[in-house]
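Colleague: I'm new to this one and would like a walk through it. Could we start with the terms and then look at the parts?
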Amino acid sequence: MAERQKVEAALQQAQRLEAIGQLTGGVAHDFNNLLTVVVGQAEMIIAAANGDERIVRMAGATRRAAERGAQLTSQLLAFARRQQLRPVLAAVQPLLVDVSQLVRRVIGEAITVEVSAEPDLWLAHLDPGQFESAILNLAINARDAMPTGGRLTISARNAPVAGAEARRLDLMPGDYVTVGVTDTGAGMAPEVQRRAFEPFFTTKDIGKGTGLGLAQIYGFVKQSGGTATIDSALGAGTTVTLYFPRAEGRSAEEVPAAVDSAPVQGRGRTILLVEDQPEVREVIEMALAGFGFRILTAPDGVAARTVLESDEVIDLLLTDVVMPNGVSGLDLAQDARRLRQDIRIVLVSGYLRDADSRTVGVPGLILLEKPFSQKELAETVASALEDGRTGGTIPPRGGPPTSRVRSSV
């Protein structure tokens, strides 16, 4: 009965966090549409200011505020499992060694840092950048819990999970690599533990924390196919454990950075812009027209299909992902590739949620995340238009795009 109660409590907590994640994901998606307009208009005002320092200063402040808003929505999307991950086959121990050097500099000399890993540690499938960010975030939380000093232990081990443990953790039975971050700090009360992963929940003083750190970590590991747990007691320290699915194969070597191409002028080339939000459509149209492109617009996928079926010369389709009237950007991309095999395609989205098995095999897709700057828009369009530079396909449900991803500002 005690084990059953634990499993039921864990299930209720998981369902609660899932509901909160759906809400925050939807809010962040709509907010990114608004920020796209603000960032774009602020940059256009700066360009049209003709050196008026007062206007440039005010528009610059607007743009910086929008950029801070974009960082906030990025954290919300991480909790909602809507962020764009770049997972690779990774050896966890070298990642821990690298990030521990940064951890030691950040938390100070009053805290002793110990890093250990089980021999023959399995490979994991994860995003190295997000992983290191998660460990650093947990280390900073641990530092705040040990204001007079203490010990921080970061350990990794292999962990087969099955049966009752899998049900309690809400995990698929299988092999996982776990990373535990343990401090000797003040610990958490049970009511704090229950809410620790919720966005905007924090016990820190006003101005000292947003309450999004643990929420972002939770979203990252869940999106990676694992989970996160907290084991703590008042006065006895805290351990946060991250579970990552075991991966087969060889670990990824240094991943070569994508070659950035300089923005190109439109030179009369035609872009079909599909966006259901008028304000967003207008700001993107103005930016692309400013680069010298000829722009055709459509308010939804149905209207865009009509344009694609016409005799119009179209070099690139730039479309939002989530749209009304039953035709998503992914559906439209599939139609575009069927109707015009050589067309380049850029998907624009606050988060990619609509991929499914029907879209597998559509080549030449690049994802541009909202909100974005005019420079990012220009670079993405230029990259998409270059011959031989548009690799990638739409993945099956739940997977990240395999094309290059332009990060949001």
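Modeller: Let me begin with a definition: a crossing of two helices is left-handed if the near helix is turned anticlockwise from the far one by less than a right angle, and right-handed if clockwise. Helices (H or I, at least four residues) and strands (E, at least two) are DSSP runs, numbered from the N terminus.

Colleague: Okay, and what kind of model is this?
Modeller: This is a predicted model, in which local features need pLDDT of at least 70 and side-chain atom pairs count only at pLDDT 80 or more, while totals for chains, interfaces and linings use all residues. Residues are numbered from 1 along each chain as its sequence is written, and side-chain values use heavy atoms, with hydrogens and water left out.

Colleague: How many helices and strands does the protein have?
Modeller: The protein has 11 helices and 13 strands. Of its 409 residues, 48% count as buried, where buried means under 20% relative accessible area, exposed over 50%, and partly exposed in between (1.4 Å probe, protein chains only).

Colleague: Back to that crossing, then: what is the hand of α8 and α11?
Modeller: The crossing of α8 and α11 is right-handed. The axes of α8 (residues 278-290) and α11 (residues 374-385) come within 11 Å and cross at roughly 65 degrees; axes are lines fitted to C-alpha atoms, for helices over the stretch in contact, and angles run from 0 to 180 degrees between N-to-C directions.

Colleague: Which residues meet there?
Modeller: I284, A287 and L288 in α8 meet Q374, L377 and V381 in α11, and contact here means heavy atoms within 4.5 Å.

Colleague: Changing topic, which residues touch the most other members of the largest nonpolar core?
Modeller: Those are V92, F131, I135, L152 and L242, in a core of 42 residues. A nonpolar core is a set of buried Ala, Val, Leu, Ile, Met, Phe, Trp, Tyr and Cys residues joined through side-chain atoms within 4.5 Å. Apart from this core lies another, of 24 residues, among them F293, L318, V346 and L385.

Colleague: And what is L242 in contact with?
Modeller: Leaving aside neighbours within four places in sequence, the contacts of L242 include A134, I135, L138, V177 and T227. T227 lies in strand β6 (residues 227-232) and is buried, with a relative accessible area of 4%. With the same exclusion of neighbours within four places, T227 is in contact with residues including L169, L171, Y218 and L242.

Colleague: What about the loops, where is D120?
Modeller: D120 is in the loop between β2 (111-117) and β3 (123-126). This residue is not a glycine, yet has a positive phi of about 55 degrees, and D120 is exposed, with a relative accessible area of 72%.

Colleague: Is S328 buried or exposed?
Modeller: S328 counts as buried, at 6% relative accessibility, and its place is in the loop between β10 and α10. The C-alpha atoms of S328 and V302, 26 residues apart along the chain, are separated by 9.3 Å.
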